[in-house]
Amino acid sequence: MQTQKLFNNFAIVSILFTALWYAAPQVSENTIGLVALVVIFILGMPHGALDIIMLKTLSRASAFKSVVSWGEGKPGRRLTGLVTVYSLVVVAAFSAWVIMPTLCLVTFLIIGAAHFRHDWQQTFTKPSWCFGLIVVTAPSLLYSSQLEGVFGWLFVPARHSVVIVLMMQVVTFICAVAVSYYWLKGKVETRKVGNMMMLLACASLLPPLIYFTIYFCVIHSVYHTVLIKNKMNMRWRELLAVTLLPMVGTLVLYAFAHIYLSDLNGLANYYPLIFIGLFAVTVPHVMLTYFCERFLGNVSGNATLSISS
């Protein structure tokens with residue numbers, strides 16, 4: 001799947017949100033957090049809901065069976081075991097953040113870079129890592145204070161937040177220079193350098209939560225969902241059947257939460273736990289993607305049938 005169309009859509013959405021952001025009255029951080037979470041959960045739900053399909057397919061893969069012997073001859077037991085391991089990883093990741101927030105934040109940023117680098121379809125490994133790192137570190141350039149506030153909000157000590165943001169700025173600069181070098185060497189396409197500049201502009205103009213929400217929903221979630229759909233030979237109708245209930249359920253849950261906690265300040269108290277929950281489910285999701293690539297083929301590969309450049 002060529003992702004240039006997704007990056008073009010990202011540019012359009014970013015321009016619209018930038019215009020709205022600077023034209024609209026001041027919006028509170030609580031409102032931004034609420035809207036970002038709702039959009040990520042609803043639009044990103046197809047992307048995450050496919051994990052159960054990946055688990056089911058992985059449990060039946062012959063290559064996986066040759067490595068993992070338990071549940072031999074009983075696919076249902078093997079799938080139950082995989083779901084149990086997946087759930088335990090979620091619990092462990094959530095608990096680890098509460099105990100070691102700084103280490104988990106750094107781990108989250110690295111995991112995010114490793115996962116997002118596939119969105120750029122970069123053949124050479126080093127440039128792909130540069131693109132993935134820029135995705136997660138770019139907001140630090142002009143929103144360092146706000147980013148430090150977000151990290152503090154997630155239980156990271158202030159002194160650690162300052163160092164992490166500073167390192168993110170350094171990483172962004174180094175990666176941008178590295179991409180330019182690889183471009184001059186002919187190892188990176190010009191349009192990908194343009195996409196990088198567009199991404200840096202968006203991260204510099206919009207608050208971190210808005211920037212990340214746009215990237216996640218417009219590029220990453222769509223890209224990964226289409227790849228898995230094609231990999232599993234699913235029709236759009238089948239995909240909708242799998243993801244519709246979780247999407248509607250999430251929307252209803254947020255509606256009840258908003259009614260029960262009508263004061264946004266009250267709802268904001270739950271934001272850190274929700275974002276830590278996102279980290280907790282991201283860890284097994286990335287691990288599952290890795291194992292599917294290993295035992296089922298390249299999940300991050302080609303799917304040109306659905307989205308053209």
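Buried here means under 20% relative accessible area, exposed means over 50%, and partly exposed covers what lies in between, with a 1.4 Å probe and protein chains only. At 14% relative accessibility, V150 therefore counts as buried.

The model is a predicted one, in which local features need pLDDT of at least 70 and side-chain atom pairs count only at pLDDT 80 or more, while totals for chains, interfaces and linings use all residues. Residues are numbered from 1 along each chain as its sequence is written, and side-chain values use heavy atoms, with hydrogens and water left out.

On the whole-chain level, the protein has 14 helices and zero strands, where helices (H or I, at least four residues) and strands (E, at least two) are DSSP runs numbered from the N terminus. Of its 309 residues, 47% count as buried. Contact means heavy atoms within 4.5 Å; among contacts with a separation of 6 or more, 78% come from residues 24 or more positions apart.

The buried residues of α10 are K192, V193, N195, M196, L199, L200, C202, A203 and S204. These pack against α1 (4-23), α7 (125-137), α9 and α11 (208-231).

Take the pairing with α9 (residues 158-184) first. The axes of α9 and α10 (residues 190-205) come within 10 Å and cross at roughly 160°. Axes are lines fitted to C-alpha atoms, for helices over the stretch in contact, and angles run from 0 to 180 degrees between N-to-C directions. The angle makes α9 roughly antiparallel to α10, given that angles under 35 degrees count as roughly parallel, over 145 as roughly antiparallel, 65 to 115 as roughly perpendicular and the rest as oblique. The crossing of α9 past α10 is left-handed, a label used if the near helix is turned anticlockwise from the far one by less than a right angle, with right-handed used if clockwise. On the α9 side the contact involves T172, A176, V179 and W183, and on the α10 side T190, V193, M196 and L200. By class, that is six nonpolar, two polar and no charged residues; Ala, Val, Leu, Ile, Met, Phe, Trp, Tyr, Cys and Pro count as nonpolar, Asp, Glu, Lys and Arg as charged, and the others, Gly among them, as polar.

Next comes α1, which packs on α10 at an angle of about 25° with the axes 10 Å apart. That makes α1 roughly parallel to α10, and α1 passes α10 in a left-handed crossing. From α1 the contact draws on Q4, F7, F10, A11, S14, T18, W21 and Y22, and from α10 on R191, N195, M198, L199, C202 and L205. Nine of these residues are nonpolar, four polar and one charged. T18, at 15% relative accessibility, counts as buried; leaving aside neighbours within four places in sequence, T18 is in contact with L205 and L206.

Helix α9 also pairs with α6, the two axes coming within 11 Å and crossing at roughly 20°. That makes α6 roughly parallel to α9, here with a right-handed crossing. T102, L105, V106 and L109 in α6 meet H160, I164 and M168 in α9, a set of five nonpolar, two polar and no charged residues. Among the buried residues of α6 are T102, L105 and L109.

As for α7, its 13 residues should span 18 Å, in agreement with end C-alpha atoms 18 Å apart. P127, S128, C130, F131, G132, I134, V135, V136 and T137 are buried in α7, and what covers them includes α6, α9, α10 and α11.

Most residues other than glycine have a negative phi. F155, in the loop between α8 (144-153) and α9, has a positive phi near 75°. At 43% relative accessibility, F155 counts as partly exposed.

Methods. The expected span of a helix is 1.5 Å times one less than its number of residues.
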